[in-house]
Every structure is written in C-alpha cells, then in structure tokens.
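Subject: Structure for you to look at

Dear colleague,

I am passing on the structure we spoke about, with the sequence alongside. My notes on it follow below, and I would be glad if you read them against the model.

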Amino acid sequence: MARQLDLDLVEVAPLANPPVCRIMDYGKFRYEESQKAKESRKKTVHVSIKEVKLRPKIGKGDLDTKIRHMQEFLGDGHKVKVTLQFRGREMAHPELGSKLLDGVIAQLDGLGKIESQARLEGRNMTMVLAPEKKVPVKKERSAPASQSAASESALPGELAAESPEPADAAVPTASAES
C-alpha cells in the first residue's frame, strides 16, 4: 500500500504489542524534525565569558577603562573573568592583588555578583563575575525627549520664568559696586 502511494512505511513504536507502523514521507518528516530542533536552538541563551587581564601596578586611568569594559560586558549579559597577572617580585605581595580585586568588586556593585571568589593559581589570581538576573535596560536619550516635550507644551515666556537663575547673578558683589 505504501509503494502504491509512493510513501514510506515507518515503524513508530517497535516495542508496542503489536508494533505500530505509519505510512508517511520519511524525508519530509526528517526535514520537519530538523526545523523544530533548529527553532528550539534559537531560543537558548548563549552565555559567553569575557576575560579582562590586570596587573597589580595598573594605573588609575587604565583601571577605569577596564572597569568600564567590564560594566559593558555585564550589562550585555556576559560573564567576566578577571585575571590578575603577577610577575617577578610581585608574587611576594598577593594581598595587593586581592585589594585591587576588592576595589573592582566595589565599583561593579549592582551590575554583577561573584560567581567564583578570587584565588591564586600559580602566577595568576582569577575571579569570575556573573551578571545579575535583571539586566538593566539601557536608556536611550529618554531625558532629552521629556525635556523637548515640556518645552513644546509650554509657551516661551513660561519656560523662561520656570528656569532658575544662576546664584551669582542674584547676589551683588562688593567689587561691582565700587
């Protein structure tokens, strides 16, 4: 019967008593199954780990840049692996490295949580930070939009009356009177 319809006879449940078979187009069935699997893979969340490398003697400006990068990574939902590399005699003072990592944690407070505590492995001290469950939504120019809406609704005279005057314009100075 399957040959007359140019279809395949597929055994669906071989362990059932009696075994269950079905007449279908097996190629079409396999294609639909692969499409379902592909669709389910699209919905999965891929968490990647970004690594930031530091040194114990890092400058303040460089550290601020690295922390800003970590904030971006955590804001995007990535995990961040912070690696502190010691060289030479820096190995004698691992407490300086842990102090630096504590400062990094303090600056990233609220954006991420510590997944694995800082630990010394050879010449590297590593720590992994994970983003918070609630990822903060980036505000895209919401303040200027609300200000422009207020300025359009108010008349030009009203807007000028509402704006505060500078403090030094209201108080006369002694040097201006003489």
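E90 counts as buried because its relative accessibility is 13%, where buried means under 20% relative accessible area, exposed over 50% and partly exposed in between, computed with a 1.4 Å probe on protein chains only. E90 is found in the loop between β4 and α3, and, leaving aside residues up to four places away in sequence, E90 touches R55, P56, K57 and Q85, a contact being heavy atoms within 4.5 Å.

Please keep in mind that this is a predicted model, in which local features need pLDDT of at least 70 and side-chain atom pairs count only at pLDDT 80 or more, while totals for chains, interfaces and linings use all residues. Residues are numbered from 1 along each chain as its sequence is written, and side-chain values use heavy atoms, with hydrogens and water left out.

As to the overall layout, the protein has seven helices and six strands, where helices (H or I, at least four residues) and strands (E, at least two) are DSSP runs numbered from the N terminus. Along the sequence they follow the pattern β-β-α-β-α-β-α-β-β-α-α-α-α. Of the 178 residues, 18% count as buried, and among contacts with a separation of 6 or more, 54% are accounted for by residues 24 or more positions apart.

Which residues of the largest nonpolar core touch the most other members? Of its 17 residues, these are L54, M70, V82, L84, L101, V104 and L108; such a core is a set of buried Ala, Val, Leu, Ile, Met, Phe, Trp, Tyr and Cys residues joined through side-chain atoms within 4.5 Å. Two or more residues come from each of β3, α2, β4, α3 and β6, and the largest share, four residues, comes from α2. L84, not counting residues up to four places away in sequence, touches L54, R55, P56, G97, L100, L101, R123, N124 and M125.

Helix α2 can be described in some detail. The 16 residues of α2 (residues 60–75) should span 22 Å at 1.5 Å a residue, and the end C-alpha atoms are 22 Å apart, which agrees; the expected span is 1.5 Å times one less than the number of residues. The buried residues of α2 are L63, I67, M70, L74 and G75. Seen down the helix axis, these buried residues fall within an arc of 130°, so they line one face of α2, the arc being that of the directions from the axis to the C-beta atoms. They pack against β3 (49–54), β4 (79–85), α3 (94–107), β5 (112–121) and β6 (124–131). Just after α2, G77 takes a positive phi of about 95°.

D8 has M24 in β2 as its bridge partner, and a hairpin of six residues joins β1 to β2. P18 is found in the loop between β1 (8–13) and β2 (20–24), and the peptide bond from N17 to P18 is cis, with omega near -5°. In the segment before β1, D6 has a positive phi of about 60° although it is not a glycine; D6 counts as exposed because its relative accessibility is 69%.

With best regards

Terms used. Two strands pair if DSSP finds at least two bridges between them.
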